[in-house]
Amino acid sequence: MTAMQKINNVQYLYDRNVDIELILCIDSEISYPVHNHVSVLTIGLVLRGSILLTAGEDHYTCRKDGSFTILPYVPHSIEAQGPYSLLTLCISKNIISNYSKGEIKNNICHLLAAASELELTEAQTFQLLHRLDSLNNPSLSHPVEPFIDSAKTQMERCPETKLSIDEMARSLHISKYHFIRRFKQAVGLTPHQFQIQNRVRKAQHMLNDVASIAEVALIAGFCDQSHFVRYFERYVGLTPTVYRLSCKPLP
């Protein structure tokens with residue numbers, strides 16, 4: 001099932017059957033802080049304007065018709081340089097591992113065709129698909145040392161769980177500061193940043209299924225609704241209410 005709504009210059013089109021999401025920012029000025037995608041390959045194409053993209057150690061301005069690929073776990077941020085229009089494809093790494101590139105490209109083309117307000121040239125479409133073709137490591141694996149991987153996996157699967165950095169460090173017989181430093185080296189974010197972004201993502205998945213935003217906040221592990229709204233808007237660029245409307249399935 002696919003659905004698209006336009007709210008505050010951001011459109012979401014999601015194909016639940018193949019776990020690929022298309023996000024279209026139109027004349028947006030939203031900037032996104034440093035974050036990473038734990039299970040998603042991101043392919044982006046600037047349609048108008050320009051953005052300052054930071055991905056890992058790379059910093060560069062991406063202008064009209066410029067494209068980029070961000071692998072899972074690579075920390076990145078987007079800084080608006082005035083109004084910009086950006087098309088982003090978010091593809092589950094499980095899809096990359098289990099489907100051929102030809103099958104994935106067919107599903108991407110289906111999504112692009114379903115986005116009624118999107119008009120891409122043949123060259124722009126080719127550029128998006130070429131980004132997928134140019135991947136050298138289809139498994140998109142992200143090796144992490146075992147004691148970091150255990151904490152990382154727990155935060156991914158159960159971000160709402162209250163985890164004590166002191167307790168995790170003690171269990172590994174290392175100092176709290178050493179644990180934070182090693183975690184950031186491996187994951188690209190501090191444990192606190194990583195847990196917050198995963199709580200926000202859990203909330204994103206719940207917003208269309210749980211009626212009360214306050215309930216979503218508590219289930220996702222936030223102290224209260226205001227705490228949830230503040231972080232949600234920081235990471236997503238929209239309030240939970242506006243995001244919910246933007247993703248509402250059409251009949």
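**Close-up views of a predicted model**

**View 1. The surroundings of His35.** The side chain of His35 makes a polar contact with the side chain of His37 at 3.4 Å, a polar contact being a pair of N or O atoms within 3.5 Å in which, within protein, one must be able to donate a hydrogen and the other to accept it, while residues adjacent in sequence count only if both atoms are side-chain atoms. The model is predicted, so local features need pLDDT of at least 70 and side-chain atom pairs count only at pLDDT 80 or more, whereas totals for chains, interfaces and linings use all residues. Residues are numbered from 1 along each chain as its sequence is written, and side-chain values use heavy atoms, with hydrogens and water left out. His35 belongs to strand β4 (residues 32-35), strands (E, at least two residues) and helices (H or I, at least four) being DSSP runs numbered from the N terminus. A polar atom of the His35 side chain also lies 2.7 Å from the backbone oxygen of Pro33. With a relative accessibility of 10%, His35 counts as buried (buried is under 20% relative accessible area, exposed over 50% and partly exposed in between, with a 1.4 Å probe and protein chains only). Leaving aside residues up to four places away in sequence, His35 touches Val74, Pro75, His76, Leu189, Gln197, Arg201 and Tyr235, where contact means heavy atoms within 4.5 Å.

**View 2. Helix α7 against helix α9.** The axes of α7 (residues 191-206) and α9 (residues 225-236) cross at roughly 95 degrees and come within 10 Å; axes are lines fitted to C-alpha atoms, for helices over the stretch in contact, and angles run from 0 to 180 degrees between N-to-C directions. Helix α7 is therefore roughly perpendicular to α9, as angles of 65 to 115 degrees are classed. On the α7 side, His192, Gln193, Ile196, Gln197, Val200, Ala203 and Gln204 meet Phe228, Tyr231, Phe232, Tyr235 and Val236 of α9.

**View 3. Helix α4 against helix α6.** Helix α4 (residues 146-157) packs on helix α6 (residues 176-187) at an angle of about 75 degrees, their axes lying 10 Å apart. These two helices, α4 and α6, are therefore also roughly perpendicular to each other. Phe147, Ile148, Ala151, Lys152 and Met155 of α4 make the contact with Phe179, Arg182, Phe183, Ala186 and Val187 of α6.

**View 4. The loop residue Pro83.** Pro83 is found in the loop between β9 (76-80) and β10 (84-92), and Pro83 is partly exposed, with a relative accessible area of 49%. Although Pro83 and Asp27 are 56 residues apart in sequence, their C-alpha atoms are 4.8 Å apart in space.

Key:
Parallel < 35°, antiparallel > 145°, perpendicular 65-115°, else oblique.
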